[in-house]
Amino acid sequence: MEDQIVRITSRLVTPFIQVYGIYVILHGHLSPGGGFSGGAIFGASLVLVALSFNLEAGVKQISHQTASILESGGALGYLLTGMAAIIIGGNYLANRSAGFPLGQAGELFSGGAILIITVFVGIKVASTIVTLFYNIIEGEE
Amino acid sequence: MEILSSIARNYYYMVAIILFVIGTFIMLTHANMIKKVIAMNIMDASVFLLFVAIGYAYGGEAPIIREGSDVVYVNPLPGALILTGIVVAVSVTAYALSLIVKIYRYYGTCDYDEICEIRSQE
Amino acid sequence: MGFADHYPALIVVVLFAAAFLSPLIYRWAEKAAAPVVITALMLALFMSSSLMITVQQSGPVFYHMGGWPPPWGIEFKVDPMRAFILLIMIGVSLWIFIYAVRDLEHELKKEVIGWYYTLYALLVGSMAGIALTNDLFNLFVLMEICAISACAIISIKEDRECLEASFKYLILSAMGTGCFLLGVAMLYMATGYLNYGLLQLELAETLTLYPRNIFAAAALFIAAFGTKAALFPLHVWLPDAHASAPSPSSAMLSGLVIKIYAFALFLIFYQVFPRELLDLIPLNEIILWLASLGVMFGSVYAMLQTDLKKMLAYSSIGQIGYIFMGIGFDHNLALVGGFYHIMVHAVTKALLFMTAGTIIYATGVRQIKDLAGIGRALPLTMLAFTIGSASMIGIPGTGGLISKWYLALSALEIGRPFFVLIILASSLLNAIYYMPIVISAFMHQEDFQFETKPVPRFMLTTMVVGMVFIVLSGFFSRPVVSMLEQAANYFF
């Protein structure tokens with residue numbers, strides 16, 4: 001899209017969208033939101049860059065290889081967090097019984113494994129939205 | 001009068017079931033493939049509505065702990081189940097829409113009855 | 001707790017980890033992607049065999065995810081029946097995968113083969129999870145993973161028929177999922193639990209308080225699992241989907257995916273719903289009659305087909321009817337027959353689809369009338385087809401006889417000899433459409449018309465393994481049958 005207003009607006013707004021997405025991901029255990037919605041917001045900001053500029057600018061932000069690695073890495077991180085609980089001593093995906101540090105309820109770094117899992121899920125969802133977008137746009141040739 | 005008063009009390013459940021039936025009917029009878037996908041979303045959304053309506057407690061408030069001794073909270077479990085359900089429905093919708101894009105490229109139509117005719121003539 | 005206590009969760013985790021690793025590995029080292037998945041499948045097979053041995057010795061094993069007991073947490077349960085199904089799923093998947101490594105190179109485009117391995121591992125992992133889980137919502141999530149992977153391994157071939165067939169399967173499967181979720185909502189509304197064990201304790205008294213919820217839930221579950229497992233009137237997606245998929249996908253779908261939904265229906269009807277429900281509504285009669293219709297009509301439709309894979313797909317509709325008959329008789333010998341048929345039919349139908357895939361690989365022939373005289377060009381392949389057909393018909397010496405024997409025995413025990421007639425008639429109908437292919441393959445006067453490529457050794461080896469298994473399961477069936485009898489008595 002070649003429109004000047006769209007380009008300037010998206011250039012101004014994208015950092016705020018990304019900060020908001022990261023905020024929703026990190027506060028998943030304190031307020032409504034969590035990994036899925038925060039990841040979708042973050043992924044939507046990357047798709048916005050690719051739509052308002054052209055596709056090369058979008059690919060420069062996050063290339064195909066990076067998106068693929070992040071996608072698999074997010075899912076593997078989730079599985080490995082569960083495995084870490086087995087190695088420490090509890091059942092699979094255990095939180096308190098495995099000894100993850102639980103802080104005060106209501107603080108940011110509380111909840112043990114929940115924060116780690118939410119961050120991995122957020123990364124995976126964002127990169128999946130970007131990958132889906134690339135596949136649909138580039139498949140039209 | 002019994003029927004009317006029980007309908008008035010449980011109108012969330014009635015609306016959910018009516019939406020479910022509408023979604024299923026459209027999904028099975030209408031020919032346009034995009035309408036089928038939209039109807040699938042309506043059907044899933046109606047079941048999520050039913051789940052959330054089950055969890056409501058009269059006079060309750062949002063299940064985030066605050067100060068106070070005898071505060072009635074709404075059941076948070078259906079909400080957590082529905083988050084997962086919404087993600088599942090979105091994934092199936094994304095996959096179905098990408099299939100429709102590919103089918104459109106091959107057959108040139110979005111109408112399922114026409115596709116069946118083309119297939120039966122091959 | 002030792003490491004072996006975590007095996008129920010680790011089976012699913014290992015398979016999902018292999019699924020997510022394989023696109024990364026395929027991007028950088030192409031040859032290493034298949035061995036990673038094979039290693040994961042072998043690890044899962046080892047873990048499920050050790051679970052089987054543990055369960056036989058010391059009774060059912062419960063595993064709480066995250067250390068939270070039910071009703072707060074998700075529970076995995078392993079008892080003899082589930083361990084048996086788990087072994088079948090993973091063992092047959094490993095066997096089909098070894099065939100798939102060679103066959104996929106000529107069916108799919110090169111860059112999507114890494115994604116095929118991902119979908120395959122996700123499919124096997126989700127089926128293992130469905131066999132293990134003890135929680136209704138976890139069953140919903142795993143069923144959806146299974147449905148999307150199953151549709152995707154059909155449409156990954158990207159030609160005209162398989163895209164439309166995959167879309168039809170997806171829409172009908174989504175309708176089944178919607179009905180299933182509504183049934184779960186009905187049960188949750190009446191009891192407040194989602195765990196199988198706690199539901200079974202609660203539903204006995206809830207049946208008197210809120211009967212309509214339970215009836216609605218039972219009806220919705222039959223509709224949901226009937227659509228996904230191709231029970232008779234809801235089977236319409238199956239022929240197109242299984243016939244137009246790549247051959248390893250057809251083997252996997254026809255052999256395993258429809259069975260795991262029948263097993264999930266069995267678990268819900270025997271481990272969640274109370275026995276008093278059968279006095280109020282004859283649910284097992286409904287399943288029994290629909291299954292009998294499926295058995296007859298599957299064979300009738302299969303006789304009219306001209307394409308080889310479509311005939312095999314219609315035959316699957318008939319054979320899944322036997323498994324539902326085993327569930328519907330409500331007798332322990334019928335359960336033995338039904339579950340033995342799960343094992344035998346998984347191997348047999350996978351072997352038949354592998355044979356069809358090898359014929360298409362070597363000659364490009366798909367129509368039945370062009371198969372005349374092929375026995376002299378591809379002898380080992382057609383021998384595998386013959387033994388597979390013999391097992392489908394139920395000839396003594398193959399495993400297919402044992403399952404039909406036990407089904408007929410239980411039909412006589414509950415005093416309904418009409419179903420013995422149905423089993424015999426359907427065996428005759430099976431013979432009518434399998435035997436002509438075998439006879440014309442070997443005893444046709446002229447030679448085979450089309451030219452043959454040589455078949456890779458991987459594919460021949462897997463077919464030989466399948467043949468040996470079918471013959472062994474026909475002769476040495478006593479250990480498995482006695483284990484199944486012991487496991488079935490637990491439900492009565």
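User: Why is B:Tyr12 called partly exposed?

Analyst: Its relative accessible area is 47%. Buried means under 20%, exposed means over 50%, and partly exposed is in between (1.4 Å probe, protein chains only). The value of 47% falls in between, so B:Tyr12 is partly exposed. This is a predicted model, in which local features need pLDDT of at least 70, side-chain atom pairs count only at pLDDT 80 or more, and totals for chains, interfaces and linings use all residues. Residues are numbered from 1 along each chain as its sequence is written, chains are lettered from A and ligands numbered from 1 in the order in which they are written, and side-chain values use heavy atoms, leaving out hydrogens and water.

User: Where is B:Tyr12 found?

Analyst: B:Tyr12 is in helix α2 of chain B. Helices (H or I, at least four residues) and strands (E, at least two) are DSSP runs, numbered from the N terminus.

User: What makes up the nonpolar patch on the surface?

Analyst: B:Tyr12 belongs to it, along with B:Met1, B:Ile3, B:Leu4, B:Ile7, B:Tyr11, B:Met14, B:Val15, B:Ile18, B:Leu19 and B:Ile22. Together they have about 1100 Å² of accessible area, by the Shrake-Rupley method with a 1.4 Å probe, where only the protein chains shown count as cover for residues. Patch members have over 30% relative accessible area and no salt bridge; like charges are joined within 9 Å, nonpolar side chains (Val, Leu, Ile, Met, Phe, Trp, Tyr) within 5 Å.

User: Which helix gives the most to the nonpolar patch?

Analyst: That is α2(B), with 7 residues. Both α1 (2–9) and α2 (11–29) of chain B supply at least two.

User: Why is C:Glu285 said to form a salt bridge with C:Arg416?

Analyst: The N to O distance is 2.6 Å. A salt bridge needs a side-chain nitrogen of Lys or Arg within 4 Å of a carboxyl oxygen of Asp or Glu. C:Glu285 is partly exposed at 25%, and C:Arg416 at 24%.

User: How do you know that C:Lys157 and C:Glu107 form a salt bridge?

Analyst: Their closest N and O atoms are 3.9 Å apart. That is within 4 Å, so the pair counts. C:Lys157 lies in the loop between α5 (136–155) and α6 (160–191) of chain C, and C:Glu107 in the loop between α3 (80–103) and α4 (113–132), 50 residues apart. C:Glu107 has 17% relative accessible area, so it is buried.

User: What makes the salt bridge of B:Arg119 and C:Asp240 join two chains?

Analyst: The closest N and O atoms of B:Arg119 and C:Asp240 are 3.9 Å apart. B:Arg119 lies in helix α5 (residues 112–121) of chain B and C:Asp240 in helix α9 (residues 238–244) of chain C, so the pair joins two chains. B:Arg119 and C:Asp240 are both buried. They also belong to a network of salt bridges with C:Glu164, C:Lys168 and C:Lys310. Over all chains, 16 salt bridges are found.

User: How many aromatic pairs are there over all chains?

Analyst: The count is 34. One of them is C:Phe297 with C:Tyr301, 6.2 Å centre to centre, with 40 degrees between the planes.

User: Why is that pair called tilted?

Analyst: Rings of Phe, Tyr and Trp (its six-membered ring) pair if their centres lie within 6.5 Å; planes under 30 degrees apart are stacked, over 60 edge-to-face, the rest tilted. The 6.2 Å passes and 40 degrees falls among the rest, so the pair is tilted. C:Phe297 and C:Tyr301 lie 4 residues apart in helix α12 (residues 283–303) of chain C, about one turn.

User: What makes C:Arg160 count as lying over the face of B:Tyr107?

Analyst: C:Arg160 is 4.5 Å from the ring centre. The rule asks for NZ of Lys or CZ of Arg within 6 Å of the centre and within 35 degrees of the ring normal. B:Lys36 lies over B:Tyr112 too, at 5.4 Å.

User: Why is C:Lys77 called buried?

Analyst: Its relative accessible area is 9%, under the 20% limit, so C:Lys77 is buried. C:Lys77 is in strand β2 of chain C. Beyond its neighbours within four places in sequence, its contacts (heavy atoms within 4.5 Å) include C:Phe62, C:Gln271 and C:Tyr490.
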